[in-house]
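Hi,

Here is the model I promised to pass on.

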Amino acid sequence: MAGDRCEALKAGVFSTPRANGREADFIMPNMMITRTGSYLPSWKIPNRHFMGHQFFNPDGTKITKSTVDIIEKLENITCIKNRRYVEENLNTSDIAFQAARQALHEVDKEKLDAIIVAHNFGDVRADNRRSDLVPTIAARVKHQLEIENPYTVAFDIPFGCPGWLQGMIMANYYIKSGDAKKILVIGAETLSRVSDPHDIDSMIYSDGAGATLVESTDNDVGVLSHVTRSDTLNHAYLLKLDKSYNPEHVGNDLFMKMHGHEIYKYALKLVPEVVKECLEKAGLTLTDVKKILIHQANEKMDEAILKRLFKLYRIKEIPEDVMPMTISWLGNSSVATLPTLLDLLQRGQLENHRLEPGDVVVFASVGAGMNINAMVYRM
């Protein structure tokens with residue numbers, strides 16, 4: 001009996017006892033994205049913004065290469081030409097609220113069962129680099145939305161760059177269990193507040209927020225499969241907080257630091273494998289996929305991941321429009337890149353990229369932890 005029930009659960013159908021002793025079939029609902037929103041900060045920061053910066057190596061020695069050469073090399077590697085920074089009076093919770101408000105336009109917010117906010121540093125004010133995590137960012141967003149319902153549960157996820165996607169996976173569990181019907185999932189970050197101005201990698205980081213409203217459905221759409229892995233034994237500290245590379249920096253501030261080359265190798269090897277595993281769980285193959293939405297970490301890295309993924313399927317020709325990108329003009333806003341990318345795509349703001357009902361989309365992300373996740377979704 002237990003084995004039969006397990007198999008039925010996997011299939012999305014299982015029986016529950018009635019009061020009269022008979023069993024009634026219960027069809028597990030699926031989760032579908034019904035609305036999206038995003039907030040793109042108004043400060044556009046071009047690469048020339050960094051011309052006055054002095055850059056140092058991790059050991060504190062000054063980099064002798066000219067700033068012009070440093071900027072040119074980073075642009076060639078990442079393809080980033082611009083990024084967005086929040087205004088000084090805004091924090092992570094503020095831009096998360098702005099994205100949420102857009103996603104909830106004309107929606108009864110009091111019917112939300114949960115608000116899940118993915119971030120990594122909380123509110124970091126312009127005049128104070130300390131992470132402010134109490135109350136949670138989700139609680140602050142709920143407060144700004146003026147939601148009275150005490151059963152709209154608000155909580156945060158610190159899961160590195162894959163945080164928003166992990167929030168979506170958690171929301172899917174809630175909805176499939178029958179405990180929730182409507183959940184708001186947000187990814188928001190202000191990396192400009194935790195970036196070391198003397199670290200070359202600071203030119204990669206940006207700010208932003210994206211939100212998705214997900215709801216229960218009985219239709220044959222929504223989440224088809226998902227996979228998550230955490231490789232902490234050997235890779236836990238590839239991304240971490242540490243002191244400024246400038247030995248003369250005053251204060252004990254901590255800044256975002258990463259071992260870029262090691263992260264590149266890790267992502268290139270494992271992200272394609274996780275995506276393939278996720279497609280196999282859904283009973284699909286790569287040719288069934290219309291779009292691959294991947295965390296906007298580094299354009300060259302994302303292209304290399306895509307190339308290896310197609311190689312795993314022995315497919316030589318990669319469709320030009322399969323992977324929309326925003327990093328060249330929005331930079332890497334961590335947990336916000338995926339929901340922002342999705343919102344722009346849904347609103348028709350990405351040239352030559354459209355999604356139609358029935359299209360299969362793959363979401364994938366990689367980041368601090370190190371964590372990787374993927375989700376297969378049918379529109």
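Predicted model: local features only at pLDDT ≥ 70, side-chain atom pairs only at ≥ 80, totals over all residues.

Residues are numbered from 1 along each chain as its sequence is written, and side-chain values use heavy atoms, with hydrogens and water left out.

On terms, strands (E, at least two residues) and helices (H or I, at least four) are DSSP runs numbered from the N terminus, and two strands pair if DSSP finds at least two bridges between them.

S3 and S11 belong to an open sheet of 5 strands with mixed pairing, in the order S3-S11-S10-S6-S9. Strand S3 (30-39) and strand S9 (153-157) are at the edges with a single partner strand each, so one side of each has no neighbour in the sheet. From one strand to the next, the twist averages 20° (axes are lines fitted to C-alpha atoms, for helices over the stretch in contact, and angles run from 0 to 180 degrees between N-to-C directions). Helix H10 (residues 337-346) lies across S3, strand S10 (182-190) and S11, at about 90° to S3; contact here means heavy atoms within 4.5 Å.

There is also an open sheet of 4 strands, again with mixed pairing, ordered S12-S17-S16-S15. Strand S16 (residues 360-367) pairs antiparallel with strand S17 (residues 371-378) over 8 bridges, and valine 362 sits opposite valine 376 in S17. Helix H7 (residues 260-281) lies across S12, S15, S16 and S17, at about 35° to S17, while helix H8 (residues 299-312) lies across S15 and S16, at about 140° to S15.

How many disulfides does the structure hold? It has 0, taking a disulfide as a pair of cysteine sulfur atoms within 2.5 Å. The sulfur of cysteine 79 is 18 Å from the closest cysteine sulfur, in cysteine 161, so that is too far for a bond. For cysteine 278, the closest cysteine sulfur is also in cysteine 161, at 19 Å, again too far. Cysteine 278 is buried at 1% relative accessibility (buried is under 20% relative accessible area, exposed over 50%, partly exposed in between, with a 1.4 Å probe and protein chains only).

Cheers
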